[in-house]
Amino acid sequence: MGQIINLTCSKCNKNIELMAGQGIKDNDLDRVLVFFDENTIRKIRRAIDSSKSSFWSFERKIALCRKTGNIKAVPVITVNTDADKKIPIAGCDCGGDHVFYDTEKILEGTVSIECPACKSPMSAEDAGMWD
Ligand SMILES: [Zn+2]
Ligand SMILES: [Zn+2]
């Protein structure tokens, strides 16, 4: 099941709700590919085809879009290569790079996310699960 994370900025009251992690339908490749555009799907298929194990995993990761400055739960497929490397491929319409955050660290407060509106550190709250 996935986690719902609620980010709040105490300075400007901005609130962001994020659905992170994995849902119960997220273990089927055809079902998760709908979260990616055509170019990205080609990239994912190439990465999976070039690895013998064809092992992949999918989750929605909390990320900062470097280009737009937005905080989102971005769909990410991670393909394991034969050399035991993991290639994360993000499906996001910003078209740019991302800074990914560890959900547990955000909840513990060891990592904080800057408010996209006023740049203050936001507080994070576990707001339940989703499936
Ligand atoms: Zn993005
Ligand atoms: Zn703020």
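In which loop does serine 54 lie? Select this residue to begin: serine 54 belongs to the loop between α2 (38–49) and β3 (56–65). The model on display is a predicted one. Phi of serine 54 is near 55°, a positive value in a residue that is not glycine. Most residues other than glycine have a negative phi. Serine 54 counts as exposed because it has 12 C-beta neighbours inside 10 Å, and the limit for that class is 12 or fewer.

Next, select asparagine 13, in the loop between β1 (2–8) and β2 (15–20). Asparagine 13 also is not a glycine and has a positive phi, of about 70°. With 10 C-beta neighbours inside 10 Å, asparagine 13 is classed as exposed.

**The whole chain**

Zoom out and colour the chain by secondary structure. The protein chain contains three helices and seven strands, and along the sequence these follow the pattern β-β-α-α-β-β-β-β-α-β. The C-alpha atoms fill a box of roughly 50 × 30 × 25 Å along the principal axes. For 131 residues, a compact globule would have a radius of gyration near 14 Å; the value for the protein chain is 16 Å, which agrees. Buried residues make up 27% of the 131 residues. Of the contacts with a separation of 6 or more, 62% are between residues 24 or more positions apart.

**The three-stranded sheet**

Select β1, β2 and β7. These three strands form an open antiparallel sheet in the order β2-β1-β7. β2 and β7 (123–130) stand at the edges with a single partner strand each, so one side of each has no neighbour in the sheet. On average, neighbouring strands of this sheet are turned by 20° against each other, direction ignored.

Which residue of β7 is the bridge partner of leucine 7? The partner is alanine 124. Display the surroundings of leucine 7 as well: beyond its neighbours within four places in sequence, leucine 7 is in contact with Asn15, Ile16, Leu18, Ile71, Ile113, Met122 and Ala124.

In soluble globular proteins, nonpolar side chains tend to be buried together. The largest nonpolar core here has 27 residues, and those with the most contacts inside it are Ile5, Leu7, Leu18 and Ile62. β1, β2, β3 and β4 (71–80) are the elements that give two or more residues to this core. The largest share, six residues, comes from β4.

**The four-stranded sheet**

Select β3, β4, β5 and β6. The four strands form an open sheet in the order β5-β4-β3-β6, with antiparallel pairing. Its edge strands are β5 (86–90) and β6 (98–100), each of which pairs on one side only. From one strand to the next, the twist averages 50°.

At one end of that order, inspect β3 and β6: the two strands run antiparallel and are joined by three bridges. Within this pair, alanine 63 stands opposite phenylalanine 100 in β6.

How values were computed. Residues are numbered from 1 along each chain as its sequence is written. Chains are lettered from A and ligands numbered from 1 in the order in which they are written. This is a predicted model: local features need pLDDT of at least 70, side-chain atom pairs count only at pLDDT 80 or more; totals for chains, interfaces and linings use all residues. The radius of gyration is taken over C-alpha atoms; the globule rule is 2.2 Å times the number of residues to the power 0.38. A residue is buried if 20 or more other C-beta atoms lie within 10 Å of its own, exposed if 12 or fewer, and partly exposed in between; C-beta atoms are placed from the backbone. Two residues are in contact if their C-beta atoms, placed from the backbone, lie within 7 Å. Two strands pair if DSSP finds at least two bridges between them. Axes are lines fitted to C-alpha atoms, for helices over the stretch in contact, and angles run from 0 to 180 degrees between N-to-C directions. A nonpolar core is a set of buried Ala, Val, Leu, Ile, Met, Phe, Trp, Tyr and Cys residues joined through C-beta atoms within 7 Å.
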